[in-house]
Amino acid sequence: MANDNKQTKQNNNREAGGLTAAERYKIPPQDMPEQAPEQRARNFEEVATGFTEEQARKEALRCLGCKNAPCVKGCPVRIRIKDFIAEIAQGNYKKSLEIIKENSLLPAVCGRVCPQENQCQEQCTVGIKFKDIAKSVSIGRLERFVADLDVDDKDTPKVGAPTDRKVAIIGSGPGGIVAAADTRRAGHDVTIFEAFHKPGGVMVYGIPEFRLPKSIVQKEIDTLTRMGVKIVPNFVVGKTSTIEQLLKEDGFDAVYIGVGAGLPKFMNIEGESFVGVYSANEYLTRANLMRAYKFGAGADTPIARSKKAAVIGGGNVAMDAARMAVRLGAEKVYLIYRRTEKEMPARVEEVHHAKQEGVEFHLLQNPKRIIGDENCRVKAIECLRYKLGEPDASGRQRPVAIAGSEFQIEVDCVIVAVGNIPNPLIQQTSPELKFNEEGCIIVDEKGRTSMEAVYAGGDIVTGAATVIQAMGQGRTAAQSINEYLQQKTKIRS
Amino acid sequence: MAHKIISKSQLSEDVFTADVEAGHIVRAAKAGQFVIISVNNEFGERIPLTIAGVNPQNGTIKIIWQRVGKTTAHLADLKGGDSIAAIVGPLGRPTHIENFGAVVCVGGGIGAAPLLPIAKALKEAGNKITVILGARSKSILILEDEFRKISDEIIITTDDGSYGRKGFVSEALAEVCRRTPKPNQAFVIGPAIMMKVCCEVTKEFAVPTQVSLNTIMVDGTGMCGGCRIEYDGKPKFVCVDGPEFDGHKVNFDLMMKRLAAYKEMEKTSYEQYKKHVCKIYRRRTGDG
Ligand SMILES: Cc1cc2nc3c(=O)[nH]c(=O)nc-3n(C[C@H](O)[C@H](O)[C@H](O)COP(=O)(O)OP(=O)(O)OC[C@H]3O[C@@H](n4cnc5c(N)ncnc54)[C@H](O)[C@@H]3O)c2cc1C
Ligand code: SF4
Ligand code: FES
């Protein structure tokens, strides 16, 4: 056994430049090149510009190639991490990307938006050795590096012989995209139905350009189109057509539901309907999808150009909204969160970026009411101070309001980012489908719902979660659909 | 998926109607529902318009709009054969139709358009229909003939007295409510201020009143909350919970403020569009 270990180590050493673990530990973590905060706060271009080749190879050399690869256990889709990194170390970028793509179809997206510090990088031996997650191998940045080298690639994945079976994919988020690609590869006739006029889901309407350029998502959509997947925009399932109609009247043999968790939660406090109060969904959709940042310079959709904005929440959505407000010209942006920074669900990098860009963090505070002027326009927000109490069901300490601690902050815009829940549209129109109390569709481990031929995945199943998780579930469901349709074909013939 | 305009005409100075290809919407569309339209997929805004009629044979829907800003002006400049970039729908809940008995339908200005399919459905359900149509002036009154065909009684009011009675629809409505027996149900659609005043009238007479609200919208599916109103003290989303509500519970004052949220910006956008169109026109005619 000991011998075995030695053998692997030597192998790795030979492959990846012959370094010992001690030597690898000495290589400093590579910093991500970024636009300077003061510069990027005034544009909408991507903040992080990506590793140079030299940086990527250096960073790749930091990986120890651990035999048990703990990082992989942290990866929701089990990418062979040390193998793809080893290929980067050797300059075999194409091979590296192939390894990633065995498990993940959207590496350019995931490399940018995955919460690596809670997934692969949390488990990384290097980070653990230094007792600092920030010193873990930058797996996400390496993933992005190889994915970005592939930008001009127009390869179309192979599509199987036509099966004469029709699959409907509802929603074009990450789960839907993967489910469409995987069922199409099996030769089925695949159509994506999307409520918005543009496909891509949250990656297009929610996550801003400065974090995830829309061209990256578009590239994946273009690949689907080249594979022969049909995309029908402006089609709201539950309104334009029900799931039953798709199956019974429109000739679809199977359906994947990937409609996400699109309904914004409000706080139900006084003044929440005043002019200048937005859900983060509305604010971001106006800015991203409708391009309101170009209002007056081509785009028709307006958005409040506020001087002082308050954003409520501590997740990625809140960070995106706050940083968008900065870019739309707000002089002050306050991020109000009722717990401490440690409990924030946002990616560490986004928190860091938001601070760099001047977003002011107001922690252990929460709004009590919103105050308006005589025209019902927001003029201030009244908050209460909080302290942390006993841990709640999620294990996080429950914030407790301090009585009598009210104070006001002068603002002209409030953006509410306290969570998104599933939209009840499908539930209201598909009585056969089973939902849980949170309004999420109930599925088994294969992505099967309570209705025959109907599968689901992503945020509509888990509640608001992550891109990678939606992608993984889209893949699982697609596999089940492919098996189901094969079975069905056998029975029929 | 662009949608071809099959025919288009002008109903009054600023009001237009068109039959537009929307095969995917025809199957499900019911009275009271609406669509969201965009004239440009990249940079256009999304605006809600009521489905004013459906033609299942041709796979078209009828829309009626008033030229008030950039997008409605752009729509007005399109011709038969041109296309609309995006039409989503049918959205919102259909009108609850039943035989109430005697129903009074009040349409103010462009509100006559969404009112027509509702009045038709009410008539088909066996109701006795009194229609009150109002406009600022005779030249901008729309759909009078269509309403005459389906109503048992019709009252027309104009603000300037150029046609019908001089006055507001709310005054005629009060008169109808004062009769015995009073109407069993009212439907009121028009500008927010007109719905507000009419609801005050019907409340006084305890006549249940449905209004159809036309708030600012983005998606029309419940995902943004931009369309929210205060209803009975609680927030409601017009696009999914409405567009019809019990008018006696709607906070119209707040709704009007929200409708005006982007007034200045909308004006800028419209001015820019007018300038732009002028320029194209001059270029085409070689004038300047
Ligand atoms: C602002 C924001 C920032 C985020 N940042 C991150 C991040 O950094 N990292 C991360 O991992 N995750 C992030 N998330 C979460 C992540 O985006 C989601 O978990 C993920 O996109 C869910 O994917 P999905 O496949 O469920 O579909 P979604 O991306 O939710 O897309 C669903 C699609 O279905 C469409 N749809 C909805 N209803 C219907 C219907 N009835 N008929 C037809 N189409 C319909 C919608 O228009 C949408 O396009 C973020 C979310 C938001 C809102
Ligand atoms: S845990 Fe870290 S060092 Fe070990 S294989 Fe994974 S990335 Fe490399
Ligand atoms: S228009 Fe977005 S929720 Fe109603």
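**Buried elements and a ligand shell**

Mentor: In this predicted model, strand β8 (residues 86–91) of chain B has 6 of its 6 residues buried, so the strand is largely enclosed by the rest of the structure.

Trainee: In which sense do β3 and β8(B) pair, and over how many bridges?

Mentor: One of the contacts to look at is Ala86(B) in β8(B), whose bridge partner is Ser38(B). Taken as a whole, strand β3 (residues 34–38) of chain B pairs with β8(B) in the antiparallel sense, over 4 bridges.

Trainee: How far apart are the end C-alpha atoms of helix α17 of chain A, and what span should its residues have?

Mentor: Helix α17 (residues 316–327) of chain A holds 12 residues, and at 1.5 Å a residue these should span 16 Å. The distance between its end C-alpha atoms agrees with that expectation, because they too are 16 Å apart.

Trainee: Which elements give two or more residues to the shell around ligand 2?

Mentor: The residues around ligand 2 include Cys63(A), Cys66(A), Cys71(A), Cys124(A) and Lys82(A). The elements of chain A that give two or more residues to this shell are α5 (70–74) and α10 (125–129).

Trainee: How do the residues of that shell around ligand 2 divide into nonpolar, polar and charged?

Mentor: Pro70(A), Thr125(A), Val126(A) and Ile139(A) are also among the residues around ligand 2. By class, the shell divides into 8 nonpolar, 1 polar and 1 charged.

Notes. Residues are numbered from 1 along each chain as its sequence is written. Chains are lettered from A and ligands numbered from 1 in the order in which they are written. This is a predicted model: local features need pLDDT of at least 70, side-chain atom pairs count only at pLDDT 80 or more; totals for chains, interfaces and linings use all residues. Side-chain values use heavy atoms; hydrogens and water are left out. A residue is near a molecule or strand if one of its heavy atoms lies within 4 Å of it. Ala, Val, Leu, Ile, Met, Phe, Trp, Tyr, Cys and Pro count as nonpolar, Asp, Glu, Lys and Arg as charged, and the others, Gly among them, as polar. The expected span of a helix is 1.5 Å times one less than its number of residues. Buried means under 20% relative accessible area, exposed over 50%, partly exposed in between (1.4 Å probe, protein chains only). Two strands pair if DSSP finds at least two bridges between them.
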